[in-house]
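Reader: I'd like to learn how to read helix packing from a model. Can you walk me through it?

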Amino acid sequence: MSELEIKKEFVKIVKLVKDPYAVAFAQAGLLLSGTSLRVQVRYVLNNLQMWRGKEARKTKHKLKLELSKEWL
């Protein structure tokens, strides 16, 4: 997943999620790049636990896949 794709997911989170912490972390992530952006994915995911629905599942899955790449 490219940085642009991660940022697209963050924009989706800002628009659709009601949790203020998840939104704040996603907004901050829009300004980051490289390792800092990948670390921010962790913070965003930790605050998406209450986000439900089809779009939530797809977005969380994409971000979790990005985290799993770090360990390969």
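Predicted model: local features only at pLDDT ≥ 70, side-chain atom pairs only at ≥ 80, totals over all residues.

Reader: Which numbers describe two packed helices?

Author: Two packed helices are described by the angle between their axes and the distance between those axes. Here, α1 (residues 3-16) and α3 (residues 34-46) pack at about 35 degrees, and their axes are 11 Å apart.

Reader: Which residues of α1 and α3 meet?

Author: From α1 you have Glu3, Ile6, Lys7, Phe10 and Ile13, and they meet Gly34, Leu37, Arg38, Gln40, Val41 and Val44 of α3. By type, the residues of this contact are six nonpolar, two polar and three charged.

Reader: Okay, how do I read one helix on its own? Which residues of α3 are buried?

Author: The general idea is that an α-helix has 3.6 residues a turn, so residues three or four places apart point the same way. In α3, the buried ones are Leu37, Gln40, Val41, Val44 and Leu45. Viewed down the axis of α3, they fall within an arc of 140 degrees, so they line one face of the helix. Thr35 and Asn46 are exposed, on the face turned away from that buried side.

Reader: What do the buried residues of α3 pack against?

Author: They pack against α1, α2 (20-29) and α4 (54-69). Take Val41: leaving out residues up to four places away in sequence, Val41 touches Ile6, Phe10, Leu63 and Leu67.

Reader: And how many residues does the largest nonpolar core have?

Author: In soluble globular proteins, nonpolar side chains tend to be buried together. The largest nonpolar core here has 16 residues, with Phe10, Val41 and Leu63 among those with the most contacts inside it. The largest share of this core, four residues, comes from α3.

Technical notes
Residues numbered from 1 in each chain as written. Heavy atoms only, no water. Axes fitted to C-alpha atoms, helices over the stretch in contact; angles between N-to-C directions. Helix = DSSP H or I, 4+ residues; strand = E, 2+ residues; numbered from the N terminus. Contact = heavy atoms within 4.5 Å. Nonpolar A, V, L, I, M, F, W, Y, C, P; charged D, E, K, R; others polar. Buried < 20%, exposed > 50% of the residue type's maximum accessible area, 1.4 Å probe, protein only. Arc of directions from axis to C-beta. Core = buried A, V, L, I, M, F, W, Y, C linked by side-chain atoms within 4.5 Å.
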